[in-house]
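I opened the notebook on this model to see how the chains meet.

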Amino acid sequence: MSSKPKIKDLLDESACEHNKKKKQACNAPKPGATTGGCAFEGAQISLFPYADAAHLVHGPITCLGSSWETRATKTTWPGRDLTRMGFTTDVSLNDVIFSGEEKLVKAIDDIMARYSPEAVFVYSTCVTAMIGDDIDLICRQAAAKHGVPMVPVHAPGFVGSKNLGSRLGGEAALRHLIGTLEPETTTPFDINLIGEYNVTGDMWQYKHLLDKLGIRVLATLSGDGRIKDIRCAHRAKLNVIVCAKSLVSLTRKMHEQYGIPSVSLSFYGKRDTSKGLLAIAAALGDPGLVARTEKLVAHEEARLEERLKLYRDVFVDKKAVLNTGGNKTWSIAAALQDLGFEVVATAVKKATEDDRARAREYLGEKGVLMMNPGVEQARLIDEKGAHLLLAGGRSLYTAIKKGIAFADVNQEKKKSYGGYDGLLNLAEDLKNALENPVFKLVARRAPWQK
Amino acid sequence: MAEVTRKRDKPLQVNPVKLSQPMGATLAFLGVDRCMPLMHGAQGCTSFTKVFFTRHFCEPIAIQTTAVTDALAVLDGGDYSIVESVKNICKKVSPSLIGLHTTGLPETKGDDLRGVASKVGYPLVYVNTPDYEGGFESGWALTCKALIEQLVAPAATVNDNKLVLLPHVSLTPIEVENIKELIESFGFNVLALPDLSTSLDGHLGEKQAALSSGGISVEEIKSLGDAGLVISVGESMRESARVLLQKNAGMRHHHFSHLQGLEASDSLVELLLDETGFNGVTPKVERWRQRLQDAMLDSHFSLGQTRILVVGEPDQLAGTCKILHDAGGRVTLAISSVDSPQLEKIRAKRVLVGDLEDAEAAADEYDLIVGNCHCQALAHRLRKGLVLRGFPNWEEVGNPLKNDLLYEGGAYFLYETANAAEEMRRKTV
Ligand code: SF4
């Protein structure tokens, strides 16, 4: 039996807000007018952070060659950090003609011999899916031979978007890992963190708070994760989905199969971090825990406020325009407000209905939701008298032309802005941006243009 | 010269340095003014490529995808997705050229690119660049060849002052500019194909990345046929030179394996002197030659005791290994991303077509690494010195201005490498 999940079922996923409205449309990227990654990238995002597993990409060189070491997903795994390594069969013309299966078998043997990982994930990609290499069979045989889980991941790029790929990654974990091992001990406060990839150590901004509360992270998918743990994930009392709608289908199935309820939240900004911690405590349903959490949250917020004092004067009366996508359209807006900024506009072009509603909630009636930020942002900066543009690199020129400060939203790929402490990182970076003379200076006319 | 190991019984790449053909093709199209590179395949290859170059150059990158999906893949021979792509692109922008290049997926299905291209009805150059063959360097070279074959008009007369420069993929924008400038100082009108020196050189301008901004224009490419002289740099560019020469019987060609170090720089200048009858160079060039000589001497002591691993594309290895060798550097190992006729000529003790796992296995053989940012983890773990060169370099800014070529770049490169070697020694004692 093939372990290929039914793509159509996943797309029709009832728990996904986005799909209620436009079912088939999500699956049809427009030729010549599409941005964003493929399903393989999505699967890679959701599973690569397991540092004790090898991630073998079965395909030609583009898929891995262009993408390994691109995400700073940190780990405490004491062994060789396999997230910083790239494995690919690098199939050649010969393999395309005669099948790449033999090469794949040898590659797995090779990896086991040299690195003895706790598991091997085998990713099919466009070309190897097209030529029909049977990665299910190979994984089954390799698992029997080597005695560790071999997980086939069926998310070749041509099946759809990054988002779908993350779901397929979750699906693979559910089918081949979750429920295959029993934990040594359990506690009433065992949770799984789903969709937290610990990029730049985001998870560590709040993990210690969970520890303090006596909440145990049993397993993660997949930030700082361990194969052994995710195999035990079916014994958790609660699934916590961190900023990842794509994994809703996984948690729904875990609810069906193992009766684990789930909550969906974000640890970005002060208010969301507090809300998130309280939501976990509430969902675990222990009054003592809820009381402890309330106390901790109050303490942390006070501590944060104290440390933010330094920045208050800098941010007071400052207006920001935000141009990003997805859940960042509101989560970063919320964080900016936490710091004291007025967010006068946020781009919602690349956001779901749900994200737009939340953006509206945070920005209020006065705030502008930009459907066409490329055109609108320059005008809004003038109209609203904004001081800061927070956007992707290609908007830099707009900020310079308008003579205002610019901060690259993608910095969060290098530095954590998550949790309470991350907000301080954000504050520091934005203060630096506002104080930096560079934006005005580079806009200076050349002497021969005067 | 070197002991070369090409074909090996290794079923996988671990920590690859190899990059794909379609990515090289994209980059070449970005050296054409107002071009829209269109990658034919599923959307992911394009997205990865865009992010890859955006991070390397710190510049927005123009590129689109035909967004082939599994449903389409079975039914369509590329017609629908390509024709539709061009329509959709032209709704938003008016490129001077569509640069259509393939990935493994449509090649596996056997899409007839040439057939589809003829139906598009928009200026378009197509090139087959499956990623299960060749690599970064060949993708760039095949694209350059396609641009020549499909655009350059045949000519019967030559303009002796007009010179075409064909640079290999690893030359940075500023290096291309410097070659052009040197040649121009001899009175030539130089056109580089592709030309990153005016597109991805990192200049502040109104860049929305809708299209490539700068590079050689399509009109200029069309009229390359009357150039009197062609200079190709790098083995990978020989084929492009060959097809260009077919456009005009009067055209003459000179080839350089690379342009790094004293000897190679001298031979380019010598050629230019011969061609023009000039009897000297500008004072600035003369001065830089003396500085390179001095740099070689100043760095020789350090480099003479340093065992070096160089990692990269074949044409890049040729130049880098030679300049290091000439200042006494002991290039004990060169790891090439792919095979190439260039490998035999590389000045290294051992040349290997391989990956960074191979580099790790040979850790005893070197003290310093010259290579891309994937080498950083390796250098850190093994406590080796590191000079970052090649694609990708996501760890440093300013990549378009890294200059290792000719007299001037050579001097800077030797100083940088010798200093890195000294720092490594200070740290490891
Ligand atoms: S679209 Fe297909 S070939 Fe391209 S990166 Fe994604 S999986 Fe690989």
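**Interface.** I counted polar contacts first: across the interface of chain B and chain A there are 22 residue pairs, both at pLDDT 80 or more. A polar contact here is a pair of N or O atoms within 3.5 Å; within protein, one must be able to donate a hydrogen and the other to accept it, and residues adjacent in sequence count only if both atoms are side-chain atoms.

I then listed what chain B brings to its side. Elements giving two or more residues include helix 1 (21–29), helix 2 (43–57), helix 4 (79–92) and helix 14 (356–361) of chain B. Helices (H or I, at least four residues) and strands (E, at least two) are DSSP runs, numbered from the N terminus. By class, that side of chain B holds 23 nonpolar, 18 polar and 13 charged residues. Ala, Val, Leu, Ile, Met, Phe, Trp, Tyr, Cys and Pro count as nonpolar, Asp, Glu, Lys and Arg as charged, and the others, Gly among them, as polar.

**Ground rules.** I noted that this is a predicted model, where local features need pLDDT of at least 70, side-chain atom pairs count only at pLDDT 80 or more, and totals for chains, interfaces and linings use all residues. Residues are numbered from 1 along each chain as its sequence is written, chains are lettered from A and ligands numbered from 1 in the order in which they are written, and side-chain values use heavy atoms, with hydrogens and water left out.

**Interface, extent.** I found 54 residues of chain B in contact (heavy atoms within 4.5 Å) with 60 residues of chain A. The buried area is about 4,800 Å², and carbon and sulfur atoms give 60% of that. Buried area is the accessible area (1.4 Å probe) that two parts lose on being put together, summed over both.

**Salt bridges.** I used a side-chain nitrogen of Lys or Arg within 4 Å of a carboxyl oxygen of Asp or Glu as the rule. E357(B) pairs with R114(A), closest N and O atoms 3.7 Å apart. Within chain A, E69(A) pairs with R84(A) at 3.5 Å.

**Backbone.** Which peptide bonds did I log as cis? L221(A) to S222(A) is cis, omega near 5°, and S222(A) sits in strand 6 (residues 216–222) of chain A. F391(B) to P392(B) is cis too, omega about -10°. P392(B) is in the loop between strand 15 (385–388) and helix 16 (406–428) of chain B. I also marked N198(A), not a glycine, with a positive phi of about 55°. Most residues other than glycine have a negative phi, and most peptide bonds are trans.

I took a 1 Å grid over the protein atoms alone: a cavity is a set of points where a 1.4 Å probe fits but cannot get out, and a pocket is an open set with protein on both sides within 12 Å along at least five of seven lines; lining residues have an atom within 4 Å of a point. Grid points are joined across faces, edges and corners, and a volume is the space filled by probe spheres set on the points.

I counted four cavities of 30 Å³ or more. The largest cavity holds about 310 Å³. It has 27 lining residues, with S170(B), T172(B), E175(B), Q316(B) and G390(B) closest to its centre. Helix 13 of chain B gives the largest share, four residues.

The second largest pocket holds about 1,100 Å³. Its lining has 37 residues, and those nearest its centre are D90(A), S92(A), K103(A), K7(B) and K18(B). I sorted that lining into seven nonpolar, 13 polar and 17 charged residues.
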